[in-house]
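Me: Could you walk me through some side-chain packing? I'd like to learn how to read contacts, cores and ring pairs.

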Amino acid sequence: MKKIENNFTVTGFVGKDAEIRQFTTASVARFSLAIGRIEKNSEENNRVSAFINVEAWRKNENADSFDKLTKNTMLTVEGYFKPEEWSDQDGVKHNRVVLVATKFYETPDKEETPKEEKKTSKKKAK
């Protein structure tokens, strides 16, 4: 049987400042990440966007990394999917998948390459 990897890497923009909760030995930051891609429909390009919810856990002495989780920061997030199940007060079962970030870092803006090649000038030898 093949081993199934449960991980993801995604790049997007933080939707709003992270909500941070501190516990005795650890802290959790919950934040949304705006992600998108271009879909080509015949000759038209459409940008499809969505917000995904992410949570990151750190020991309290390492929680300073949460300072990066501010609105509009472009981040690359790596982590794993964690399924959760629970029953509400009425006994109705619910489930969701939480994206748990094990690593996140600021993503540098990519420089767009020009469509035309730049002409290089050659200096003549004297």
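Reply: Bear in mind that the model is predicted, with local features needing pLDDT of at least 70, side-chain atom pairs counting only at pLDDT 80 or more, and totals for chains, interfaces and linings using all residues. Residues are numbered from 1 along each chain as its sequence is written, and side-chain values use heavy atoms, with hydrogens and water left out.

Me: Which residues have the most contacts inside the largest nonpolar core?

Reply: A nonpolar core is a set of buried Ala, Val, Leu, Ile, Met, Phe, Trp, Tyr and Cys residues joined through side-chain atoms within 4.5 Å; buried means under 20% relative accessible area, exposed over 50%, partly exposed in between (1.4 Å probe, protein chains only). The largest one has 18 residues, and Leu33, Val54, Leu69, Leu75, Val77 and Phe104 have the most contacts inside it.

Me: How many aromatic pairs are there?

Reply: In general, you describe a ring pair by the distance of the centres and the angle of the planes. Phe, Tyr and Trp (six-membered ring) pair with centres within 6.5 Å; planes under 30 degrees apart are stacked, over 60 edge-to-face, the rest tilted. This structure has three aromatic pairs. One of them, Phe8 with Phe81, is tilted, at 5.2 Å centre to centre and 45° between planes. Phe8 is buried at 9% relative accessible area, while Phe81 is partly exposed at 31%. Phe23 and Trp57 are stacked, because their planes are at 20°, with centres 5.9 Å apart.
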